[in-house]
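Please look over the structure shown here, and then follow the questions and answers about its parts.

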Amino acid sequence: MLYRDFGRTGWKVSAIGLGTWNIGNQWGPVDEPTAFATVRAAFDHGMNLFDAAESYGLPNGLSEERLGRALAGIRHEVFVVSKIGNWGKRTGQEVPKTSVDMIRLCAHASLHRLRTDYHDVLLCHEGEIEDPSVYLDGFRALQEEGRLRCYGISTNSLEALRRFNRDGGCKVVQVDWSIIQRRCEAELLPYCRAQEIAVMVRGPLAKGLLSGRYTAESVFTDDIRSGYNEGGAGREQYLEQLRQVDRLRERVEPQDMISTALGYVISHPVNPVAIPGARSPEQAAMNAAAGDDELSEDELERLRV
């Protein structure tokens, strides 16, 4: 596993980390032993960064709870990232973020589920936020309490990132990026490099489509991708992404699709960390293997065609 500087945090972080959305049942049922084994397999294969969010899981918070249990005994050897801003939204009663105490409330609840007394990184999970003042003030209060080391935002918007970094305190951004979703490459990534903001890559496998296993006839039974099915709100987007994947297949062998997709996003000069999800120890181990090497510039150019 490659380890690289994580922005200006001073930390050495694995090029591939584990996204834990997938172990919370929203991507299909995962039992407790499998969730535990998936996290431990990721750690055993070199991953030292684990990403969660307060809202991940059925019920809300299950991903954090499972991650917390699985990290017992090794918490001091890893970096834990979580996100606040969506608690209760999916189930109809969103927690209002109207004061510093509400930010603290969400953060402390997250710490309880994670079975830890501090976050390494806490991210604002409202990607289009116009006025981030309450988060910035709340995160600074948490730092003063010793509950938070670094903060940032999960967003695809350079404007939102600039607003969040208005005082220069934003150290981490999480962005949707893959071979078939490259909008951030033009401006957001160069901004991060100039500001020394650590970059976490969500969606590096485009919700699994870059595995190359799916077709127009595929039927999705999980909550996250059900809109890709015939008649669903995400159907047209899905078909367009499939066309992009088909073009990629002309340049990449089927067995190399996943490692190539992950290799693409970790080979940028900004030193990103990709956080693909996994629902089994085998998937976690396979994803980790992609972090052993970067792609060459020739390989990257061939993929950008």
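**Sheet, helices and pocket**

Glu 294 lies in the loop between H9 and H10, where helices (H or I, at least four residues) and strands (E, at least two) are DSSP runs numbered from the N terminus. This is a predicted model, in which local features need pLDDT of at least 70, side-chain atom pairs count only at pLDDT 80 or more, and totals for chains, interfaces and linings use all residues. Residues are numbered from 1 along each chain as its sequence is written, and side-chain values use heavy atoms, with hydrogens and water left out.

Q: With which residues is Glu 294 in contact, leaving aside its neighbours within four places in sequence?
A: Contact means heavy atoms within 4.5 Å. Glu 294 has a relative accessible area of 40% and is partly exposed, a class that falls between buried (under 20% relative accessible area) and exposed (over 50%), with a 1.4 Å probe and protein chains only. Leaving aside neighbours within four places in sequence, the residues in contact with Glu 294 are Leu 2, Arg 4, Ile 266 and Ser 267.

Q: How many of the 10 residues of helix H8 are buried?
A: Helix H8 spans residues 257–266 and is mostly covered. What covers its buried residues includes strand S1 (3–5), strand S9 (198–202), helix H7 (235–249) and S10. Among the buried residues are Met 257, Leu 262 and Tyr 264, and the number buried is nine.

Q: Which strands stand at the edges of the sheet?
A: Two strands pair if DSSP finds at least two bridges between them. Eight strands form an open sheet with parallel pairing, in the order S3-S4-S5-S6-S7-S8-S9-S10. Each edge strand has a single partner strand, so one side of each is left without a neighbour in the sheet; these strands are S3 (18–19) and S10 (273–274).

Q: Which residue in S4 does Gly 19 stand opposite?
A: Strand S4 covers residues 49–51 and runs parallel to S3, to which two bridges join it. The residue of S4 opposite Gly 19 is Asp 51.

Q: Which element gives the largest share of the lining of the largest pocket?
A: A pocket is an open set of points on a 1 Å grid over the protein atoms alone, with protein on both sides within 12 Å along at least five of seven lines, and lining residues have an atom within 4 Å of a point. The largest pocket is lined by 49 residues, with Trp 21, Trp 27, Gly 203, Lys 207 and Ile 224 nearest its centre. Strand S8 (172–176), H7 and H9 are the elements giving two or more residues to this lining. The largest share, three residues, comes from H9.

Technical notes
On a 1 Å grid over the protein atoms alone, a cavity is a set of points where a 1.4 Å probe fits but cannot get out, and a pocket is an open set with protein on both sides within 12 Å along at least five of seven lines; lining residues have an atom within 4 Å of a point.
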